[in-house]
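Work through the exercises below with the sequence and the model open beside you. Try each task before reading its solution.

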Amino acid sequence: GCDTVDLARRFGTPLYVFDEQEIRRRCRSYVGALGRHYPNGNIIYAGKAFLTQAMCRIIQDEGLCLDVVSGGELFKALSAGFPPERVFFHGNNKSHEEIAYGIEAGVHRFIVDNHYELEMLNEEAARVGTTVNVLVRVAPGVEVDTHSYMRTGQIDSKFGFGIDDGRAAEALRAIRQSSHLRLRGLHAHIGSQIFELESYALTTRLMVEFIDRLRTHGGVNIEELNMGGGLGIRYSAEDTPSTIEAFVETISGALRAECRSRDLPLPRLFLEPGRSIV
């Protein structure tokens with residue numbers, strides 16, 4: 001019922017127009033699908049897809065958690081009244097100031113993918129006398145059929161510690177040796193604009209294999225598994241994205257089956273959709 005020309009005259013251009021009811025419908029689709037297929041989990045909205053104070057309030061209303069990648073995004077979330085205990089702090093280039101800000105705010109989890117950040121986190125947590133909960137982002141070695149700029153899970157990715165080259169295990173040891181860092185789980189994100197769901201099933205199996213290896217050879221129990229997001233959306237008539245239901249069911253089913261075959265307890269599952277919500 002809105003005339004976009006009238007909106008442009010009123011607000012100026014460039015102008016981004018969002019359908020709040022559709023955003024809420026998609027949030028509910030994710031939450032509902034996870035509740036059906038894997039109740040022990042949470043949906044985390046990837047704020048980098050689109051983040052304003054109004055968006056923060058919508059996802060808070062709908063019961064989602066929030067992923068931020070900078071101090072600016074964290075400030076926006078807190079300014080909107082979003083609860084910090086539902087915030088996951090991502091980003092592979094956090095500054096010392098941003099880390100201090102996140103610790104002071106009391107964010108739920110820091111997702112870390114380099115040793116430099118681990119050192120800064122440990123240093124700042126020790127300075128203020130607290131313990132920080134950490135998820136370690138790993139590169140499972142999966143290349144997906146999407147634009148090269150959107151691939152993040154392959155071995156040579158700048159995002160995450162490699163599993164096969166031993167860097168992930170090394171990072172986990174560093175966390176366990178610290179009295180100010182608490183290992184909560186693992187994170188993997190293989191890319192964006194992904195249409196082929198088998199890539200998610202494969203990544204899930206590889207992650208559970210790594211979890212099993214950590215338990216068997218290192219006595220490390222992984223409580224949480226964050227499988228990222230990246231579900232493709234329809235930009236053109238040729239695009240045929242999968243449904244939210246199928247995306248959630250694929251990952252949940254693979255996780256259940258693989259854990260069952262290895263006699264592993266089911267971890268808490270996090271999924272991080274972004275553009276497929278907005």
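## Exercise 1: The chain as a whole

In the protein chain, 64% of the contacts with a separation of 6 or more are between residues 24 or more positions apart.

Task: Find how many helices and strands the protein chain has, and state how compact the chain is for its length.

Solution. 

Step 1. The model is predicted, and the protein chain has 9 helices and 9 strands.

Step 2. The radius of gyration of the protein chain is 19 Å, close to the 19 Å from the globule rule for 278 residues, so the chain is as compact as a globular protein of that length.

Step 3. The C-alpha trace spans about 65 × 45 × 35 Å along its principal axes.

Step 4. Of the 278 residues in the protein chain, 50% are buried. The chain exposes about 13,200 Å², with carbon and sulfur atoms supplying 48% of this area.

Step 5. There are 31 positive and 37 negative side chains in the protein chain, and the centres of these two sets are 3 Å apart.

## Exercise 2: Confidence

Task: State the average pLDDT of the protein chain, and say what the pLDDT is over residues 147-157.

Solution. 

Step 1. The average pLDDT of the protein chain is 93, and 94% of the residues score at least 70.

Step 2. Residues 147-157 have a pLDDT below 50, and this stretch has 28 contacts in the model beyond near neighbours in sequence.

Step 3. Where pLDDT is low, the predicted coordinates should not be read in detail.

## Exercise 3: A residue in a strand

Task: Decide whether phenylalanine 161 is buried or exposed, and list residues that it touches.

Solution. 

Step 1. Phenylalanine 161 belongs to strand β6, which covers residues 161-162.

Step 2. Buried means under 20% relative accessible area. Phenylalanine 161 has 1% relative accessibility, so it counts as buried.

Step 3. Residues up to four places away in sequence are not counted here; among the residues that phenylalanine 161 touches are Val112, Leu118, Val136, Arg137, Val138 and Ala171.

Step 4. Histidine 96 is 65 residues from phenylalanine 161 along the chain, and their C-alpha atoms are separated by 20 Å.

## Exercise 4: Backbone features in loops

Task: Locate the cis peptide bond that involves proline 14, and state the phi of glutamine 193 and of aspartate 263.

Solution. 

Step 1. Threonine 13 and proline 14 are joined by a cis peptide bond, with omega about 0°. Proline 14 sits in the loop between α1 (4-11) and α2 (20-37).

Step 2. Glutamine 193 is not a glycine, yet its phi is positive, about 60°. Its place is in the loop between β7 (181-187) and α8 (198-218).

Step 3. Aspartate 263 is not a glycine either, and its phi is positive, about 55°. This aspartate lies in the loop between α9 (244-261) and β9 (268-271).

Step 4. The accessibilities of these two residues can now be read. Glutamine 193 has 8% relative accessibility and counts as buried, whereas aspartate 263 has a relative accessible area of 65% and is exposed.

## Exercise 5: An aspartate in helix α8

Task: Say which residues aspartate 212 touches, not counting residues up to four places away in sequence.

Solution. 

Step 1. Aspartate 212 is in helix α8, and it is buried, with a relative accessible area of 12%.

Step 2. With residues up to four places away not counted, aspartate 212 touches Arg262 and Leu264.

Technical notes:
Residues numbered from 1 in each chain as written. Predicted model: local features only at pLDDT ≥ 70, side-chain atom pairs only at ≥ 80, totals over all residues. Heavy atoms only, no water. pLDDT = per-residue confidence, 0-100. Contact = heavy atoms within 4.5 Å. Helix = DSSP H or I, 4+ residues; strand = E, 2+ residues; numbered from the N terminus. Rg over C-alpha atoms; globule rule 2.2 N^0.38 Å. Buried < 20%, exposed > 50% of the residue type's maximum accessible area, 1.4 Å probe, protein only. Areas by Shrake-Rupley, 256 points an atom, 1.4 Å probe, with all protein chains shown as cover. Lys, Arg positive; Asp, Glu negative; His and termini not counted. Charge placed at Lys NZ, Arg CZ, Asp CG, Glu CD.
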